[in-house]
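Colleague: I want to learn how to read a model, one feature at a time. Where do we begin?

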Amino acid sequence: MMKKYKFFDLILKTPKVHGLQTNKYNDTGRFPIIDQGNRYISGYTDDDGSLYKDSLPVVVFGDHTLSLKYVDFPFCVGADGTQILRPNEKIIIGKYLYYSILQLNIQSLGYSRHFKVLKEASFNVPPIADQERIVKILDKADILRQKRKKAIELLDDYLKAVFLEIIKEAKNEKINFLDLFN
């Protein structure tokens with residue numbers, strides 16, 4: 001049986017963590033940095049001053065970017081605009097919270113703050129056992145989506161390579177490129 005909840009019923013307070021400024025991001029380090037950017041991991045650091053020290057998993061919401069990330073490993077918090085949402089696991093599991101927010105499809109307001117839109121949302125939430133079953137199905141679907149995306153990227157690369165090979169052969173044979181398509 002589904003029950004309707006307001007957004008703030010589904011999350012617990014997290015301690016304030018001072019985010020690491022982007023000029024402090026490195027290519028390597030002990031801790032991955034999760035921020036509001038579109039890349040899942042934005043960089044690395046050895047500085048544990050911005051380490052998220054509360055319970056995991058969490059959902060990271062990009063207040064300006066609408067980026068949404070499910071994080072279940074230790075990480076450092078990136079700069080301003082990174083909202084950490086810790087699920088109230090008496091009501092909702094982390095991955096179900098992630099998928100629930102994802103389905104909201106919040107429209108961009110430019111570089112405005114979008115958390116205000118999220119705060120007004122309400123969610124229909126089934127019992128935990130049903131959430132776990134739904135998450136398994138959605139995870140499988142997401143894996144298929146990622147594989148499809150990769151296949152399309154590989155096909156694009158292949159088509160570019162074939163096109164370049166056709167041009168190269170046309171030059172070698174001194175063929176007018178446009179004659180190949182007549």
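Colleague: Let us start with a single residue. How does Asp-54 count at 26% relative accessibility?

Modeller: Asp-54 counts as partly exposed, because 26% lies between the cut-offs of 20% for buried and 50% for exposed. Keep in mind that this is a predicted model.

Colleague: Which side chain does Asp-54 meet in a salt bridge?

Modeller: The side chain of Arg-86, at 3.6 Å from N to O. This pair links distant parts of the chain, 32 residues apart. Arg-86 sits in strand 8, residues 82-87. Asp-54 sits in the loop between strand 4 (43-45) and strand 5 (58-62). Arg-86 is buried, with a relative accessible area of 16%.

Colleague: How many salt bridges does the structure hold?

Modeller: Five. Asp-130 and Arg-133 form one of them, at 3.6 Å from N to O. Another joins the side chains of Asp-142 and Arg-145, at 2.8 Å from N to O.

Colleague: Why look at sequence spacing for such pairs? How far apart are Asp-142 and Arg-145 in helix 4?

Modeller: An α-helix has 3.6 residues a turn, so residues three or four places apart point the same way. Asp-142 and Arg-145 are three residues apart in helix 4, so about one helical turn separates them. Asp-130 and Arg-133 also lie three residues apart in helix 4, which covers residues 128-172.

Colleague: Next, helix geometry. What span should the 45 residues of helix 4 have?

Modeller: Take 1.5 Å a residue, and helix 4 should span 66 Å. The C-alpha atoms at the ends of helix 4 are 65 Å apart, so the two values agree.

Colleague: Which residues of helix 4 are buried, and what covers them?

Modeller: Gln-131, Val-135 and Ala-170 are buried in helix 4. The cover for the buried residues of helix 4 includes helix 2 (94-102) and strand 9 (122-125).

Colleague: Which residues form a nonpolar patch on the surface?

Modeller: Leu-155, Tyr-158, Leu-159, Val-162 and Ile-166 form it. Together they have about 450 Å² of accessible area. Ile-166 belongs to helix 4. Ile-166 has 33% relative accessibility, so it counts as partly exposed.

Colleague: Back to helix 2. How many of the nine residues of helix 2 are buried?

Modeller: Seven, so helix 2 is mostly covered under the 20% cut-off. The buried residues of helix 2 are Gly-94, Tyr-96, Leu-97, Tyr-98, Tyr-99, Ser-100 and Ile-101.

Colleague: Take Ser-100. What is the relative accessibility of Ser-100, and which residues is Ser-100 in contact with beyond four places in sequence?

Modeller: Ser-100 is found in helix 2. Ser-100 is buried, at 7% relative accessibility. Leaving aside neighbours within four places in sequence, Ser-100 is in contact with Ile-92 and Phe-123.

Colleague: Now strands. What holds the strands of a sheet together?

Modeller: Strands of a sheet pair through backbone hydrogen bonds, either parallel or antiparallel. Here, an open sheet of three strands has the order 4-3-7, with mixed pairing. Strand 4 and strand 7 (76-77) stand at the edges. Each has a single partner strand, so one side of each is left without a neighbour in the sheet.

Colleague: In which sense do strand 3 and strand 4 pair?

Modeller: Antiparallel, over three bridges, with strand 3 covering residues 31-34. Pro-32 has Tyr-44 in strand 4 as its bridge partner.

Colleague: Finally, strand 8, where Arg-86 sits. Which strands pair with strand 8?

Modeller: Strand 2 (residues 11-12) pairs with strand 8 in the antiparallel sense over two bridges. The bridge partner of Ile-11 in strand 8 is Pro-87. Strand 5 also pairs with strand 8 in the antiparallel sense, over four bridges. Phe-61 stands opposite Gln-83 in strand 8.

Colleague: How many of the six residues of strand 8 are buried?

Modeller: Five, and strand 8 is mostly covered. Arg-86, at 16%, is buried.

Technical notes:
Residues are numbered from 1 along each chain as its sequence is written. This is a predicted model: local features need pLDDT of at least 70, side-chain atom pairs count only at pLDDT 80 or more; totals for chains, interfaces and linings use all residues. Side-chain values use heavy atoms; hydrogens and water are left out. A salt bridge is a side-chain nitrogen of Lys or Arg within 4 Å of a carboxyl oxygen of Asp or Glu. Buried means under 20% relative accessible area, exposed over 50%, partly exposed in between (1.4 Å probe, protein chains only). The expected span of a helix is 1.5 Å times one less than its number of residues. Contact means heavy atoms within 4.5 Å. Two strands pair if DSSP finds at least two bridges between them. Patches are made of residues with over 30% relative accessible area and no salt bridge: like charges are joined within 9 Å, nonpolar side chains (Val, Leu, Ile, Met, Phe, Trp, Tyr) within 5 Å. Accessible areas come from the Shrake-Rupley method with a 1.4 Å probe; for residues, only the protein chains shown count as cover.
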